[in-house]
Structures are given as structure tokens and as C-alpha cells.
Amino acid sequence: KPDLKVSLIPSDLALDLRNLSREYYDLMDNRSAYVNKLQGELRMVFPKYLKVFSKVTTITSLTLLEKYVSPDAFLSAPKDEIVDFIRSTARFGVTYAENKYNDIIKAANDAKNFGHSVSSNFKRISLYIRFIHQYDEEVSSILSDMHKLVNANEDTEFVKQIHLIESFKGAGFISAVSLMSE
């Protein structure tokens, strides 16, 4: 017998899910790179802002940074405007919003003493936030496409195995799809 290697050609569903899951991970890696760049810029120009929210990429944090990109912008903005904005996006109430406002103002005042910035720092912060939002949109689109493919093929053995993997503790949709499609 000759030494021929036999290839298994995956189904179109497996190929589609493989391509989408690889793209998902690539997008998430790129998003993480921009989150790291954003944190680096903030460390230089607004160091204590990084401690105000649990993650700099929460909706409230990113949207505040989009609107008030510099410590000076936060310091010159009306308190009520920022507090109301925090309340509307975080939905934790007045006390939470006022505490966050006070933390931001303290961080902004500290940045005036300890931070160092030039105008390009704030341009980069705005740019990185836009990129993060764009990556979030693309990731959502990829996830939606993956769910549509799985939902449209519920009766296949392949999808049943995805659901079986999902049933294990700690295994989510992406993990199950990636494992099955690779």
C-alpha cells in the first residue's frame, strides 16, 4: 500500500464557523491591542482615571472619555452634566454617579500635577476609542453570524455536538464552536 494521507473535507458549516471563529479571535486580539494603547496614553496624561472604573472599556468610561477627552475638559464641564450622564449610562443611582464624578475630578486634578500631555495624546485617545467601538461592532456582527449559522442547522450532528460542549461548565458558545470547527 502506498503511503497516501487521507484528508477529511469539513462541511460548509464547519468551514464557515471555522472562518468566523478565527476572525472573532483576530478581532479580539486587535481590540485588546487598542485597549492597551488607550491605557498607555491614559497612564501618561490622566493616570488616576484608570482606577475610577473597574475597566476603562465600560460603556460609561469610554463614552465619558469620548466627550471629555482631557482632564481639563472634565474640570470645566458642569457637574450636573457629568453626574446625569453617569447615571444614565451606569444606572446605579445618584450616589454612585456622584462618587464617580468626585473620583474623576480628583483624578483630573491629580493629572494636572502628575500627568504630562501634548495635544496628540488626546487625538490618540479619541482615535483608540473609535477603533475599540469599531472592533466591538465587528465582533458583534461575527457573533451574530455564528449564532445564525448554528440556529439554521440545529438538526445537524455538528450543531448537536456544539450544544453538548456548551453544556459543560465553563464552556461557552465561542469555545464550543471553535473546538468543533478546528
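Biologist: Is the crossing of H2 and H6 left-handed or right-handed? Please take me through the packing around H2 from there.

Modeller: Happy to, and please keep in mind that this is a predicted model. H2 and H6 make a left-handed crossing. Helix H2 covers residues 59-67 and helix H6 covers residues 119-152; their axes come within 10 Å and cross at roughly 140°. That angle makes H2 oblique to H6. On the H2 side you will find Leu-62, Leu-65 and Glu-66, which meet Ile-129, Ile-132 and His-133 of H6. Sorted by class, this contact has four nonpolar residues, one polar and one charged.

Now turn to the other partner, helix H4 (residues 79-90). Its axis lies 10 Å from that of H2, and the two helices pack at an angle of about 145°. Here the crossing is right-handed. H2 brings Thr-60, Thr-63, Leu-64 and Lys-67 to this contact, while H4 brings Glu-81, Ile-82, Phe-85, Ile-86, Thr-89 and Ala-90. Five of the residues in the contact of H2 with H4 are nonpolar, three are polar and two are charged. As a general point, an α-helix has 3.6 residues a turn, so residues three or four places apart point the same way.

Together with Leu-38, Phe-46, Tyr-49, Phe-74 and Ile-104, Leu-64 is among the residues with the most contacts inside the largest nonpolar core, which has 53 residues. At least two residues of this core come from each of H1 (12-45), H2, H4, H5 (94-114), H6, H7 (157-166) and H8 (173-181). The biggest share is from H1, with eleven residues.

Setting aside neighbours within four places in sequence, Phe-46 is in contact with Ser-70, Pro-71, Phe-74, Ile-104, Ala-107, Ala-108 and Ala-111.

H1 also holds Glu-41. This residue counts as buried because its relative accessible area is 5%, under the 20% cut-off. Beyond neighbours within four places in sequence, Glu-41 is in contact with Asn-121, Arg-124, Ile-125 and Tyr-128.

Finally, a word on H8. Its buried residues are Phe-173, Ile-174, Ala-176, Val-177, Ser-178 and Ser-181, and their cover includes H1, H6 and H7.

How values were computed:
Residues numbered from 1 in each chain as written. Predicted model: local features only at pLDDT ≥ 70, side-chain atom pairs only at ≥ 80, totals over all residues. Heavy atoms only, no water. Axes fitted to C-alpha atoms, helices over the stretch in contact; angles between N-to-C directions. Helix = DSSP H or I, 4+ residues; strand = E, 2+ residues; numbered from the N terminus. Parallel < 35°, antiparallel > 145°, perpendicular 65-115°, else oblique. Left-handed = near helix turned anticlockwise from the far one by under 90°. Contact = heavy atoms within 4.5 Å. Nonpolar A, V, L, I, M, F, W, Y, C, P; charged D, E, K, R; others polar. Core = buried A, V, L, I, M, F, W, Y, C linked by side-chain atoms within 4.5 Å. Buried < 20%, exposed > 50% of the residue type's maximum accessible area, 1.4 Å probe, protein only.
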